[in-house]
Amino acid sequence: MTAFIIAALTADGFIAKNVSHTPMEWTSKEDKRFFMERTKQAGVVVFGQNTYETIGKPLPGRHNVVYSRDKAYEGVEVTQKEPLVLLEDLEKRGFKEVAVCGGSAIYTMFMEAGVVNTLYLSIEPVLFGKGMTLFNKELDKKLQLVSIEKLGENTILVEYNII
Ligand SMILES: NC(=O)c1ccc[n+]([C@@H]2O[C@H](COP(=O)([O-])OP(=O)(O)OC[C@H]3O[C@@H](n4cnc5c(N)ncnc54)[C@H](OP(=O)(O)O)[C@@H]3O)[C@@H](O)[C@H]2O)c1
């Protein structure tokens with residue numbers, strides 16, 4: 001079982017202006033296409049409750065898992081499992097790859113658990129000045145650059161492996 005983080009960043013390093021600010025409002029069509037194709041290839045998408053609320057419905061063609069302590073959603077697996085336990089459980093059900101789709105709390109929880117193999121970061125040509133960062137706790141990780149791709153006229157996609 002492998003897990004990757006997939007996120008869109010502004011050129012000044014933010015994932016959102018605030019908790020209710022969805023990437024749908026500011027990311028490029030090329031990034032949206034990459035997100036759809038790569039997450040469908042993985043088969044499982046994992047969100048935190050705040051991020052799921054900005055989407056509002058399950059993403060079609062993928063098994064949707066949402067972290068929440070008290071919410072229930074139709075067509076979605078709601079969980080409170082430790083990341084490693086969730087991944088083992090999904091593997092038993094035949095899934096091979098999981099897309100960790102944010103937000104900050106969920107990216108941080110999976111990174112701290114040491115279960116993330118790869119980061120896909122799309123850098124979009126916008127600046128927020130301040131906002132939410134990819135992670136919300138101190139981390140000390142080293143990365144290996146796998147590839148840089150020009151996704152669209154103004155968007156680059158960077159793939160890193162976690163060492
Ligand atoms: N730019 C991008 O690519 C990108 C991608 C994704 C999200 N975002 C943005 O990120 C922002 C949201 O990030 P966020 O950090 O505020 O929230 P989040 O990670 O989406 O969700 C946090 C919520 O997840 C639940 N949760 C967290 N840990 C849990 C655990 N161990 N067990 C059970 N439930 C747990 C809690 O919900 P309960 O209160 O229900 O327990 C918590 O309030 C939004 O603005 C969103 O648009 C940006």
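Analyst: V76 sits in the loop between strand 4 and strand 5; helices (H or I, at least four residues) and strands (E, at least two) are DSSP runs, numbered from the N terminus. This is a predicted model, in which local features need pLDDT of at least 70, side-chain atom pairs count only at pLDDT 80 or more, and totals for chains, interfaces and linings use all residues. Residues are numbered from 1 along each chain as its sequence is written.

User: Is V76 buried, exposed or partly exposed?

Analyst: A residue is buried with 20 or more other C-beta atoms within 10 Å of its own, exposed with 12 or fewer, and partly exposed in between, with C-beta atoms placed from the backbone. V76 has 19 C-beta neighbours inside 10 Å, so it counts as partly exposed.

User: Which residues does V76 touch, not counting those up to four places away in sequence?

Analyst: Contact requires C-beta atoms, placed from the backbone, that lie within 7 Å of each other. Leaving out residues up to four places away in sequence, V76 touches P58, N64 and V66.

User: Why do the buried residues of helix 3 line one face?

Analyst: Helix 3 covers residues 83-92, and its buried residues are P83, L86, L87 and L90. Seen down the helix axis, they fall within an arc of 95 degrees, so they line one face of the helix; the arc is that of the directions from the helix axis to the C-beta atoms. On the other side of helix 3, the exposed residues are V85 and K92.

User: Which helix is included in what covers the buried residues of helix 3?

Analyst: The cover includes several strands, among them strand 1 (2-10), strand 3 (43-48) and strand 6 (97-100). It also includes helix 4 (104-112).

User: What is the radius of gyration of the protein chain?

Analyst: The protein chain has four helices and 10 strands. Its radius of gyration, taken over C-alpha atoms, is compared with the globule rule, 2.2 Å times the number of residues to the power 0.38. For 163 residues the rule gives 15 Å, and the chain is close to this, so it is as compact as a globular protein of that length, with a radius of gyration of 15 Å.

Notes: Contact = placed C-beta atoms within 7 Å.
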